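User: I'm new to this one. Could you take a close look at the salt bridges for me and walk me through them?

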Amino acid sequence: MKKYILLFILLLFYINIYAQNSWRELLDNAQKYFEAGKIISALDFAEKARIAGEKEFTKKSKEYSITLTILSIINRKSGNLQNVEKYLLESIEIIEQIEGKNGQQYAPAINQLGLFYAEVEKHQKAISLYENAIKIIENNPKQQEIYLQFTNNLALSYARLNNYEKAHKILNDNITFIEKNKMQKREQGIVTRNIIGEIYKYEGKYASAELNTKIAKLYIEDIYKVYEKGIGSFNFELYVSIITNLAEIQKLMGRFSEAEPLYDKSLDFSGKLYGKQSQMYAGVLTQLASLYMRTQRMEKAAQNYLESLAIVEKIYGKNHVNYALVVNNLAVLYMQNKNYPKAEKLYEETINISKIEKNREYYNSLNNLANLYMEQKKYEPAKKLLIECEKELKKIVGVLHNSYIRCIKSLGETYFYLGDYTNAKKYLMDMSIFKLKEMSDNFGFLSESQKLTYLEENRKYFETFSSFAFSYSYINKNQNDKQAVLNTLYSLFTAQKGIVFNSNKKIVQEIMSSGNADMINKYNNWKEQKEQLAHYSNLTSEELNQKGINIKELRIGTENVEKLINLQSFERKKKEFSFSSIDEITKKLNVDECLIEIIRIKIDTAITYGFLLANNQGKLDIELGINGKDLEEKFLKYYKNMIKNKSFDKHSYKNYWSPIEKVLKRNGKFKKIFMAADGVYNEINLSSIKIGETEKFVLDEFNIHLLTNTKEILDLEIKKTNSKKEKKTTKTARLFGRPTYQMEGEKHQEHTKQERKTGEEREVTFSENYANVEWNDLPGTETEIKSIEKIMNANNLKVESFYKEKATEEAVKNSKNPTILHIATHGFFFQDEDKTKITNSNETMMRSGIALAGVSNYFRAKEKPNTDDGILTAYEVSNMDLGKTELVVLSACETGLGDITAGEGVFGLQRALRVAGAKTIITSLWTVNDEVTQMLMTEFYSIWFSGISCRDAFNQAQKKIKEKYPEPYFWGAFLMIGE
């Protein structure tokens, strides 16, 4: 914006000014070097212009006033603030003498003085000047752009004083003014949107920041298209400012892959426009370096920082705040590389430079130095710095800003290490609550993948509090105090556990019940786009090219529509994160019932599991598991091998069940456990673990009711009440089994019959693509469906069964709200080899699914038929309408598998069915035996329709099969989750 201000002043004053060439040429050179980022040369020419102006026009002339103003801007830019105020005051005095305080030039002049005061954090003085300037010009229709410029500056100063309400009111009025005067695509209209984005970014409201910045980007790109045709001019600096701002927002939200190409573009533009020695270029280098740091590309980050530092030093010298900012970032890099002496020296240098102004960046540097001391276990000096930070940052940015939250996180940790648990508790509790509120402002506007990324970026705050709560509960002997901390832990953890799933589900429910035809149409169009994306995602690159499909653009387009739906949903104004007290939940439990939240936390590379139990009196207790990394790696591998090989499992009891048993025994005798799994506990069936040296399994001793989040106990109670009020309607079932995978005759099916033995597993070996998969025929699934059909018919259900050629993907997707949906076929899950990257929900949901009729001939066809491909992915399942479906059974192998994200569970068919609305789901964790599975399913339905609950029937069926087949391999693969 500074370039724009300078150009504006020059153009404004050059009108009707006829000056001698020497003064004009010197001033032109000052402007040219200023725009190129060569501040020293610009300053030299401006000073010469001042001397020339004094000789040619006198010190009382308009021309001399112009020169002083330009000198003030260049001095401000160079960091030499000493003479800026003097030049501006002198310039204003000249203008006042020439044309008075209501003249054409007076308002822009005092606006410039306001900008100076804003830069030195004297915002009250700046506000007074801006308001005066606005009064002078606000009724002049010819000065609309100038009016917007002044009011935008006013809003920025209010924002810097944390008066966001006033800032947004001004900017909202500006948007109304812009729309009324059709100025959306004029420069100050675009600037206004960008400033709104900046203020939201400053507040930590990144979703709103992104929305407004993207609008600015859209409008300025429209102008650029016209400019490319040779029409009009283009403000490249504004464009660079917008895309850099957008990149910064996306980086703050952890969306590095989206931010990086914007930074690259910004760097390219900056280098071409202003040269690679300009301030603009150096600024983008610094921001891009911080992204490299966040993505562990330390060498590239160091190169960028050092290059930026050399440029900034050349422009400003070593005593300017811009120099200090780069030094601070470089110090962070050295700290991450464990080069503590060098990092400490650089932090101290940063603090010495910026201590005069003592703004947010100064306190961020103090915080960074304190963190360095903490890493070296120097807790007392760290505490001293952090106390100062906390006090001042609260005033400067407010409690919901990330800078403040980061500070109290460090302060709470420091108090804990020093043994001051009271203060540690205070600050770490505040940290978690403030972070949750800050996230709530951003969450509802994002697509699912963006929500996951944003949650992952902020998970460390909740993990820090969880870690503290674990330790504090062991240290603290005061039971009341211990309970208070565990209550907070439960409320915080359950508030954000499964929040992505619940948020998306809530939005869909609100849209479909809103009666808003436009929103419902947009939602239905989005579902169609998802279907299209799923269909094309299974094609090869060659097939996509032949059809002219750009799959990347299709994915981006689908995600953008999802974000638009989220944005326009009226539910967006409500808080996404809701607290539930432990008392309101546990009062729903019986004496012999408890709840257990499994909590996975990761601090650096250490992984810990905690088991938080509550009984019906609301008493909370916690137990810690053994090494979490071992649980997720070697012990999990051992468990799976024992299951697969049908061998005696000697260790899984100790590894996975023992800590749960300890906390159970301390708190009473329980028969039923409402349990919400996390991390590796989504990959095992606790009921399949043998208890110590006994012959009993967990299944024999406990009824484990699996939930996504134990807060769902409240929903269970509500639904139980509602079900009593509902009118009895005919129950329906849709059953699918034994799909004909190759529909070109029966040769393939007969061949696999001959090859297959009774009791073979429902599994398939995958090669590089679906065309090379041999989908073995599963005659047991036909027997299964026919047995179930008889039971259901005898119990007056309206049943539709689909076998062989009729068991198609289309038929499954057309199953709208059956009471029961049962599918017996092959299931699959492709494991992503890169376990380090954050889950992309869409990609993950396309790697999990089931095979249906016609899959083989579709993928082997040279020309693909105009049908579904026979692969029903989890991504497609999530599009189904199952809001009134009581039970879905996926009687296939590995349908319960998927990518596991901490706090969000399994991304696969299980999640997809919950998103689609299914109340209760049965899925499998490993390959299942065909014959035994059909026995288990038949037994389950027989028991269920005898009059007991669905869940109790499932437990009894497993026990019945266990009598004949004792190994967990046969009966333990299937899990029931949900209501």
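Analyst: Let's start with a definition: buried means under 20% relative accessible area, exposed means over 50%, and partly exposed is in between (1.4 Å probe, protein chains only). This is a predicted model, where local features need pLDDT of at least 70 and side-chain atom pairs count only at pLDDT 80 or more, while totals for chains, interfaces and linings use all residues. Residues are numbered from 1 along each chain as its sequence is written, and side-chain values use heavy atoms, with hydrogens and water left out.

Now the bridges. A salt bridge here is a side-chain nitrogen of Lys or Arg within 4 Å of a carboxyl oxygen of Asp or Glu, and that rule gives 42 of them.

Take Asp 268 and Lys 272, whose side chains pair up at 3.2 Å, N to O. They sit four residues apart, about one turn, in helix H13 (residues 256–274); helices are DSSP runs of H or I, at least four residues, numbered from the N terminus. Asp 268 is partly exposed at 39%, whereas Lys 272 is exposed at 68%.

Helix H9 (residues 164–180) holds Lys 169 and Asp 173, also four residues apart, and their salt bridge spans 3.2 Å, N to O. Lys 169 is exposed at 52%, and Asp 173 is partly exposed at 41%.

Over in helix H21 (residues 421–443), Glu 438 and Lys 435 are three residues apart, with their closest N and O atoms 2.7 Å apart. Here Glu 438 is buried at 2%, and Lys 435 is buried at 1%. Elsewhere, bridges with shared partners link Glu 210, Lys 214, Arg 255 and Glu 258 into one network.

Key:
Helices (H or I, at least four residues) and strands (E, at least two) are DSSP runs, numbered from the N terminus.
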